[in-house]
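Here is a set of questions about the labels attached to a structure. Each answer sets a value against its criterion and then concludes.

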Amino acid sequence: MVYLTRKCEFAASHHYHNPEFSAEENRRVFGKCNNPNGHGHNYTLEVTVKGDVDPRTGFVMDLKDLKDVLNREILDAMDHRYLNKEVPEFAQQIPTTENVAIAIWNRLEQKLNMAKLHRVRVFESPELFVDYYGER
Amino acid sequence: MPKAYLTRRYMFSASHRLHCDEMSDGENRATYGKCNNSHGHGHNYFVEVTVSGQVDARTGMVCNLVDLDDCVRAEVLEHLDHENLNTLPEFADIVPTTENLCEEIYKILKREFRAAHLEKVRLEETMMNSFEYAGGAELRR
């Protein structure tokens with residue numbers, strides 16, 4: 001079993017707001033992130049897949065296939081987007097780093113049949129990242 | 001409910017001297033090399049704190065980052081930043097290696113941080129070496 005990690009970056013804006021909370025509660029829980037005009041980050045995404053190395057190719061999976069899936073499923077949908085308004089998962093859910101990692105996992109899990117998805121790691125900044133292993 | 005792991009990175013600067021009273025001067029020099037210099041020396045330490053838990057459906061969070069930051073600042077950074085580690089009570093009887101420091105930080109946070117489960121503390125002494133402690137458990141890959 002070998003683990004393969006591919007890294008990519010995307011830039012996106014978001015804000016945190018729960019319509020079930022009062023305005024005051026939203027400000028208290030979410031702080032600056034509650035600014036309704038949004039703010040942005042340069043996100044770094046690391047996707048790790050695992051599998052046995054194919055004796056013919058020497059690959060866990062073809063990196064080009066992984067790159068194509070990441071471009072199509074994640075970057076096309078999230079790069080240079082306002083997550084709350086343009087990514088359907090965040091119409092109802094708050095686009096925290098936790099929920100971004102979960103949404104990316106759910107998108108990739110359906111599309112990656114060549115190797116098994118192991119971990120999604122999303123850096124919101126160099127000082128903060130979230131790991132999701134598909135645990136529910 | 002999905003379970004996620006959140007990691008936050010912090011920095012502090014501190015000095016230390018590696019010296020074991022039970023060893024002879026020669027043995028201390030042989031064991032600790034430059035780190036045995038009697039005047040001490042310092043590092044910029046980076047500490048990564050990983051906590052885990054169910055993602056709260058109302059907030060989208062494992063825990064509120066402000067709570068984690070407040071706890072780490074008050075209990076760890078205020079305690080260690082710009083200090084000589086050898087003068088702290090934790091290191092009265094143990095050598096302030098990065099291994100021991102990593103374990104001490106874990107113990108402090110295990111005791112003080114209640115808003116999510118503490119998974120692991122990772123401590124970088126320099127860019128070339130780092131240590132991880134998960135309360136004695138094997139690390140998650």
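**Strands, helices and burial**

Q: Which residue is the bridge partner of A:V130 in β1(B)?
A: It is B:L6. Keep in mind that this is a predicted model.

Q: What makes strand β5 (residues 128-132) of chain A and β1(B) a strand pair?
A: Two strands pair if DSSP finds at least two bridges between them. β5(A) and β1(B) have five bridges, in the antiparallel sense. They therefore meet the criterion of at least two bridges. Within this pairing, A:D131 stands opposite B:Y5.

Q: How many residues take part where chain B touches chain A?
A: 17 residues of chain B are in contact with 20 residues of chain A. On the chain B side, the largest share comes from strand β1 (residues 3-16), with seven residues. By class, that side has nine nonpolar, four polar and four charged residues.

Q: What joins β5(A) to strand β4 (residues 116-125) of chain A?
A: Five bridges join them, and the strands run antiparallel. β4(A) and β5(A) form a hairpin, with two residues between them.

Q: Why is B:V76 called buried?
A: The cut-off is 20 or more other C-beta atoms within 10 Å. B:V76 has 21 C-beta neighbours inside 10 Å, so it counts as buried. The residue is found in helix α2 of chain B.

Q: Which residues does B:V76 touch, leaving out those up to four places away in sequence?
A: B:V76 touches B:I105, B:I108 and B:L109. As for B:V121, it is 45 residues from B:V76 in sequence and 12 Å away in space, C-alpha to C-alpha.

Q: How do you know that the length of helix α3 (residues 98-112) of chain B agrees with expectation?
A: The helix has 15 residues. The expected span is 1.5 Å times one less than the number of residues. That gives 21 Å, and the end C-alpha atoms are 21 Å apart, so the two agree.

Q: Which residues of α3(B) are buried?
A: They are B:L101, B:C102, B:E104, B:I105 and B:Y106. The buried residues pack against β2, α2, β4 and β5 of chain B.

Q: What span is expected for helix α2 (residues 63-78) of chain A, and how far does the helix reach?
A: The expected span for its 16 residues is 22 Å, and the helix reaches 21 Å from first C-alpha to last. The two values are close. There is also a kink of about 40 degrees, centred on A:N71.

Q: Which residues of α2(A) are buried, and what do they pack against?
A: The buried residues are A:L66, A:L70, A:I74 and A:M78. They pack against β1, β2, β3, α3 and α4 of chain A. After the helix comes A:H80, whose phi is positive, near 60 degrees.

Q: What makes strand β1 (residues 2-14) and strand β2 (residues 39-51) of chain A a pair?
A: At least two bridges are needed. These strands have 13 bridges, in the antiparallel sense. In β2(A), A:V47 is the bridge partner of A:R6.

Q: In which sense do β1(A) and strand β3 (residues 81-82) of chain A pair?
A: They pair in the parallel sense, over two bridges. A:A12 has A:R81 as its bridge partner in β3(A).

Q: Which members of the largest nonpolar core touch the most other members?
A: Of its 57 residues, they are A:A101, A:I104, A:V122 and B:A4. The largest share of this core, seven residues, comes from helix α4 (residues 97-111) of chain A. In soluble globular proteins, nonpolar side chains tend to be buried together.

Q: Which residues does A:V122 touch, not counting those up to four places away in sequence?
A: A:V122 touches A:Y43, A:L45, A:T97, A:V100, A:A101, A:I104, A:F129 and A:V130.

Note on methods
Residues are numbered from 1 along each chain as its sequence is written. Chains are lettered from A and ligands numbered from 1 in the order in which they are written. This is a predicted model: local features need pLDDT of at least 70, side-chain atom pairs count only at pLDDT 80 or more; totals for chains, interfaces and linings use all residues. Two residues are in contact if their C-beta atoms, placed from the backbone, lie within 7 Å. Helices (H or I, at least four residues) and strands (E, at least two) are DSSP runs, numbered from the N terminus. Ala, Val, Leu, Ile, Met, Phe, Trp, Tyr, Cys and Pro count as nonpolar, Asp, Glu, Lys and Arg as charged, and the others, Gly among them, as polar. A nonpolar core is a set of buried Ala, Val, Leu, Ile, Met, Phe, Trp, Tyr and Cys residues joined through C-beta atoms within 7 Å. A residue is buried if 20 or more other C-beta atoms lie within 10 Å of its own, exposed if 12 or fewer, and partly exposed in between; C-beta atoms are placed from the backbone. The bend at a residue is the angle between axes fitted to the seven residues ending there and the seven starting there.
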